[in-house]
Each structure stands twice: as C-alpha cells, then as structure tokens.
There are 2 protein chains.
Amino acid sequence: MPHDVLLAEATRGNRVESRHYGAAVVVDATGKTVFAAGDVETPIYPRSTVKALQALPLLTEGAADKYNLGQEALALACASHQGEPAHVAVAADMLARTGRDATSLECGTHWPLDARAARALATSGEQASALHNCCSGKHAGFVCLSCATGHDPEHYTRPEHPVMQAVARTLEEVTGIPHTDDNRGTDGCAIPTWAIPLHALAKAYARFATGQSLTPERAQAATRLRSAIAANPFMVAGTNQFDTRVMQVLAPRVFTKMGAEGVMIAMLPEKGLGIAIKCRDGGVRAAEAAAAALIARFGTENNPELAHFMRQNLKNWNGQSVGEFRVSATLAEDHYPAAPS
Amino acid sequence: MPHDVLLAEATRGNRVESRHYGAAVVVDATGKTVFAAGDVETPIYPRSTVKALQALPLLTEGAADKYNLGQEALALACASHQGEPAHVAVAADMLARTGRDATSLECGTHWPLDARAARALATSGEQASALHNCCSGKHAGFVCLSCATGHDPEHYTRPEHPVMQAVARTLEEVTGIPHTDDNRGTDGCAIPTWAIPLHALAKAYARFATGQSLTPERAQAATRLRSAIAANPFMVAGTNQFDTRVMQVLAPRVFTKMGAEGVMIAMLPEKGLGIAIKCRDGGVRAAEAAAAALIARFGTENNPELAHFMRQNLKNWNGQSVGEFRVSATLAEDHYPAAPS
C-alpha cells in the first residue's frame with residue numbers, strides 16, 4: 001500500500017505550522033487511473049460526496065417528474081447546504097409537493113451552519129428545524145421518492161425501507177463495490193453508508209460525468225442532475241463554500257462535492273474524468289486545496305477561484321497576513337500558483 | 001528526527017475513518033524527558049498555549065496590584081475564551097480600571113466562538129466587539145500592563161512597544177529559546193509569536209507549575225496565576241470547552257491550555273511535570289485526546305472527564321452512536337478507557 005502524500009500545509013512566518021496528508025486519484029469511466037497519490041485502495045467512507053449518486057433514484061423512479069421538481073430542488077437533493085433561507089425554502093417546497101412538511105424529515109435538527117444565517121434565524125425569534133439540517137434537501141428527496149413510489153415515508157432512513165434499498169442498490173451498481181456488513185457505517189444524517197476505495201469513488205463520478213457504463217435511465221438522470229447543479233451552485237452548498245464558489249465560475253465543465261472528514265469528489269465531464277480525495281486526518285481545508293489543484297491540472301482550468309483554494313493568505317482577526325495555506329507541489333505540479341498578494 | 005506517532009483516530013462502523021499524527025512530550029523542570037513520542041525538537045508555534053507565560057509581566061511589573069485585578073481577571077488574562085457574557089464583562093472591567101474601554105484593544109473583532117452566545121448577542125440587537133475576541137482578556141491585560149508602567153498603550157501589539165518587549169523577554173527567559181527572525185511569526189491576535197521546540201514548551205510549563213528555575217518574582221506570579229485559574233476554569237475557556245471541563249474537576253492538580261492548530265499544554269504541579277502536544281495537522285480534537293491520556297497516565301488521574309476526551313462516542317444529528325473518537329494506545333497505555341456506553 002503506498003504511503004499517503006502531503007496534500008497541503010499551513011505556514012506562519014518562515015515556517016510550516018501544520019501539514020495534511022492523504023490520498024488522491026483521477027480516473028476515467030473505464031477505471032483507468034490517470035493519476036494516483038497515496039493509498040487509493042483502502043475503503044474510505046465517502047460521506048456526502050455520494051449525494052449525487054444517492055439522488056439518481058429520485059429521477060429514475062419518476063418521483064422528480066411526478067412532483068414536478070424544478071432544477072433548484074434537484075440541486076438541493078445533492079446538497080450539503082448551510083441552512084440559508086433559500087435552502088430552507090426549497091426543501092420546504094419539495095415536502096409540500098408531497099403533502100408533507102418538516103415533521104417527515106428524519107435527518108435531525110441543527111442550527112444553520114452558516115453563522116450569519118444562524119444569527120438571523122435567532123434574531124427572528126425562530127428555532128432551528130430539520131429544514132436547516134445540511135442534509136434536508138437530500139432527505140426531502142427521499143420523502144418525495146417514498147411517496148411517489150407508494151411507500152409510507154416513515155422510517156425511510158432504515159436500511160430495510162424501500163427508499164434506502166433503492167439508494168443502496170444504486171450505489172452498489174454505480175460504484176461496483178458490493179455492500180457488506182464489513183464496510184457499512186451510519187452517516188451523520190442517520191442513513192446507511194458504505195466504505196469504498198477512493199479509486200471506485202472517482203470511477204463512479206467519471207461515469208456520472210459522462211454517462212458511460214451507466215444504464216440509459218441513470219445516464220439521463222445524471223445529465224439532468226448535472227444540469228440542475230450547474231444552474232444552481234448556491235443550492236449545493238451556500239455562501240462562501242468551496243463547491244458553490246468553484247461551480248459558480250466553472251460549471252458545467254467542473255463539478256465538485258465536499259464530504260465530511262476531508263473527502264472531496266470532482267467531475268470533469270469534457271475530459272471524461274472523476275477525481276476523489278481523502279485527507280487522512282479529516283481536514284476539509286486540505287481536501288479543498290487538493291481538489292482545486294487536480295481540477296486545474298487535469299481539467300486544464302486556470303481561474304482565480306481555483307488559485308485561491310490552492311494558495312491563500314492566512315489572515316488574523318485584524319486582516320494582517322500571517323502565513324499561507326497552500327497545496328503540495330506533488331498535486332499541483334506545473335499549475336502551482338504564484339504567492340497571493 | 002523520530003517520526004510522528006498516531007495521536008488519535010475517528011472510527012465509523014467497523015472502520016477507522018480518520019487518523020491524526022503528531023508529537024507529545026512530558027518533561028520535568030530540569031528538562032529531563034519523562035516521555036516523548038514523535039518529533040519534539042523541531043520548533044512549533046505554541047499559539048495560545050503560552051498565554052499564562054505572557055501574563056507573568058502583568059504581575060511581576062505590578063500592574064495586577066495597581067489595578068487591583070481579581071482572580072477572574074487574572075484567569076481571563078490567560079484565556080482563549082468563547083465570548084460569553086461573563087468573559088466580556090470581566091474584560092470590560094479590566095479596561096475600565098485603567099480608564100479605558102474596548103477601543104484600546106488591538107486584537108480585532110469577531111463574533112463569540114460559542115454559538116449560543118453569538119445567537120444571543122444577535123438576538124439582543126448588539127454587534128460583536130473586540131471584547132468578544134477570544135484573546136480579549138490577554139489584550140486587556142496588556143493594556144493594564146502598559147498603563148501601569150507609564151506607557152501609552154497605543155500600538156501595544158507592535159514588537160517595539162515596551163509591553164511586547166517585556167512579554168518577549170519573559171518568553172525567552174522562561175522557555176530558554178532565543179527569539180530570532182527565523183522563528184518569529186505573528187499570532188492570530190496580531191502579536192509576535194516565536195516557534196519553539198515542544199520539549200522547551202513542556203519544560204517551561206514544568207517550571208511554571210513548580211516555580212523551579214524561575215526568578216522569585218516569576219515563581220510568585222506563577223503561583224498567583226495558577227491559583228486564579230484553578231478558581232475560575234470557566235474564565236479560561238468557556239461552556240463545554242476542554243480546558244474548562246478538565247480543570248473544573250482536576251485543578252489545582254491539573255492545568256491545561258489549548259492553542260490553535262492542535263497545540264496543547266498541561267501542568268501537573270504535584271508531579272513536577274509539564275506536558276506539550278502538537279497534532280501535526282492542526283486537529284484540536286486529537287490534541288485534546290492526547291492531553292487527556294497523558295494527564296491520566298503521568299498524573300495518575302482517573303476521572304470521567306478525562307475518559308470522555310480519551311474515548312467518546314461520535315453521534316449523528318439524531319443522537320445515534322455512529323463510531324468513536326479515541327486516543328492512541330501508544331499514549332494511553334494502561335490508562336486506556338473502556339468503550340463508552
């Protein structure tokens with residue numbers, strides 16, 4: 001098993017202050033490895049990076065059409081959002097189309113992840129609800145899928161529920177990795193998750209990006225989801241988030257999705273490539289830097305947003321520059337950006 | 001240089017999801033190493049772990065007595081607090097004793113780090129001020145020091161200001177590590193910081209814990225600061241924070257202080273030991289787990305709060321257990337706790 005590689009580091013003054021190690025892989029839809037660094041074969045939990053795969057049954061089973069879900073809703077079904085008002089409104093609308101409301105959500109409740117949205121919600125005198133949960137769009141999609149296919153959505157998060165069965169089958173078939181008791185865990189929003197190799201995750205997204213090796217129904221669904229995400233990068237994440245910032249300038253040539261514990265995926269449809277990254281310590285900042293570098297390098301993209309995430313000034317509370325956070329040269333190679341001003 | 005060791009890991013289902021590596025050392029006041037794991041000689045930025053050392057001149061120069069600062073104020077001068085109302089009130093009172101207010105603070109402004117306090121502040125219609133900055137107590141102490149010694153506090157954060165000179169001299173003398181351009185950086189709250197070996201940091205705190213190898217004035221000041229912290233663990237951090245939780249049950253036998261980017265120190269005065277930890281990736285959760293383990297092991301402390309930070313259930317938003325976060329066996333050895341229920 002190859003050792004993990006340096007993904008990114010934080011400096012302060014003349015010194016490196018912190019270092020993040022991990023693995024990254026770039027794969028085409030046939031599974032051919034274009035680039036690999038670190039351990040890309042040991043299964044990792046993909047966390048929220050598989051949300052677009054989990055959303056496929058919402059379309060293939062006819063639920064999106066039955067409830068006439070718009071592009072914002074389809075994008076939100078793939079989202080880890082910040083609980084901002086637009087996210088909450090779309091999630092509520094998805095549920096309303098099934099005749100249901102937030103009480104049908106089984107994702108749990110937390111305050112908006114966006115600090116400004118949390119303060120505004122508090123100021124308004126309202127309380128956090130399941131609609132503010134970062135996974136509420138995905139779960140609203142599950143409720144739509146359940147109702148559209150004639151199943152009571154109660155307990156839709158349980159492995160034996162027809163919704164979870166359909167989602168699990170899709171994940172297995174698109175990633176090619178069988179689900180076993182050994183690779184199963186429970187995700188932050190209560191649904192089952194399965195550990196898979198980084199290589200298989202990247203291959204699945206090369207397929208999602210191109211439609212290759214997918215059933216015609218899934219290929220069509222993937223196209224619709226990509227289109228919805230490209231039109232609504234804000235819905236997928238929110239203010240100042242990596243996915244939103246990068247896709248606002250680079251979709252539909254580039255798609256990205258973060259996951260908890262330092263996982264990232266990206267798609268380069270025109271290049272036919274999928275990218276998957278795991279920062280071994282769970283550090284999101286390093287996974288973002290690595291994703292930006294591999295998008296620049298293998299997507300031949302040159303954009304200030306990518307450069308920002310590859311190499312950014314670290315500032316103190318007074319706005320003084322105290323160091324930088326920068327991707328490793330191993331990942332960025334010739335695409336290493338100049339020091340930020 | 002020894003390789004860093006596993007400090008802690010997060011599991012999900014049957015698998016390890018994320019791993020944190022770093023270094024840790026336990027040292028007595030003569031510099032004798034009792035335990036070392038990983039690279040403890042390469043200089044690291046100690047960040048907020050040196051706040052108690054930085055507070056020594058506040059006492060040795062007579063400022064604490066001149067302004068009749070109480071124990072809460074002395075504890076807050078050593079704090080990285082969460083911006084809760086009690087923290088803000090004490091910082092404001094410290095400034096008022098010099099005839100000044102928050103406009104004299106040069107630490108910058110941010111919303112309270114405690115999410116509940118931030119929402120409450122927003123709900124009240126107020127804005128964040130420099131008093132809510134996590135370093136406002138330290139900076140209020142600097143203003144007190146400046147005024148008490150007859151210096152205009154303006155620009156007290158600049159290296160050439162007499163306050164920063166006094167603080168730098170104290171750090172150099174107590175840690176034994178000369179300050180050079182090579183090891184200098186700027187901290188998050190705008191003041192100069194110097195990288196030092198983890199071993200030197202632990203030795204400095206063994207001295208702070210015992211008074212050994214300190215000048216009589218500094219030894220007395222250290223005793224007063226330890227007493228103030230032991231009486232006010234809430235002032236040093238805040239609701240649900242590691243330092244507050246651990247010291248509420250274990251001070252004055254145990255003192256701890258977190259720093260940004262995964263640094264932690266601890267003191268075991270009765271054992272004559274100082275502890276210093278750096279999680280290489282900056283992960284605070286791993287530094288906390290490591291500190292808890294070394295306190296249990298070298299302080300022969302057995303307490304549920306320590307066990308909690310050594311090995312805790314990870315729960316999803318619904319409160320279901322999905323895995324655990326646990327310290328490495330290398331650090332905990334015979335003190336490894338049973339799986340949490």
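Let me begin with a term: a residue is called buried under 20% relative accessible area, exposed over 50%, and partly exposed in between, with a 1.4 Å probe and the protein chains only. What is the relative accessible area of Ser136(B)? The value is 0%, and Ser136(B) therefore counts as buried.

Before going on, the conventions: this is a predicted model, in which local features need pLDDT of at least 70 and side-chain atom pairs count only at pLDDT 80 or more, while totals for chains, interfaces and linings use all residues. Residues are numbered from 1 along each chain as its sequence is written, chains are lettered from A and ligands numbered from 1 in the order in which they are written, and side-chain values use heavy atoms, with hydrogens and water left out.

To return to Ser136(B), this residue belongs to helix α7 of chain B, residues 136-148. Helices here are DSSP runs of H or I with at least four residues, strands are runs of E with at least two, and both are numbered from the N terminus. The side chain of Ser136(B) makes a polar contact of 2.8 Å with that of His81(B). Such a contact is a pair of N or O atoms within 3.5 Å; within protein, one must be able to donate a hydrogen and the other to accept it, and residues adjacent in sequence count only if both atoms are side-chain atoms.

I turn to the aromatic residues. Over all chains, the structure holds 8 aromatic pairs, where rings of Phe, Tyr and Trp (its six-membered ring) pair if their centres lie within 6.5 Å, and planes under 30 degrees apart count as stacked, over 60 as edge-to-face and the rest as tilted. One of them is the edge-to-face pair of Phe242(B) and Phe309(B), at 4.7 Å centre to centre and with 70° between the planes. This pair links distant parts of the chain, 67 residues apart: Phe242(B) is in helix α12 (residues 242-250) and Phe309(B) in helix α14 (residues 304-310), both of chain B. Phe242(B) and Phe309(B) are buried.

Rings also meet charges across the two chains. The charged end of Arg119(A) sits over the ring of Trp111(B), 3.7 Å from its centre; likewise, that of Arg119(B) sits over the ring of Trp111(A), at 3.8 Å. The criterion is that NZ of Lys or CZ of Arg is within 6 Å of the ring centre and within 35 degrees of the ring normal.

Finally, the backbone. Most residues other than glycine have a negative phi, and most peptide bonds are trans. In chain A, the bond from Ala251(A) to Pro252(A) is cis, with omega near 10°, and Pro252(A) lies in the loop between α12 (242-250) and β8 (255-259). In chain B, a cis bond joins Ala251(B) and Pro252(B), with omega about 5°; Pro252(B) is in the loop between α12 and β8 (255-259).

Which phi does Asn240(B) adopt, positive or negative? Although not a glycine, Asn240(B) has a positive phi of about 65°. This residue lies in the loop between α11 (233-236) and α12 of chain B, and counts as exposed at 55% relative accessibility. Glu333(B), also not a glycine, has a positive phi of about 45°. Glu333(B) is found in the segment after α15 (329-332) of chain B and, at 47% relative accessibility, is partly exposed.
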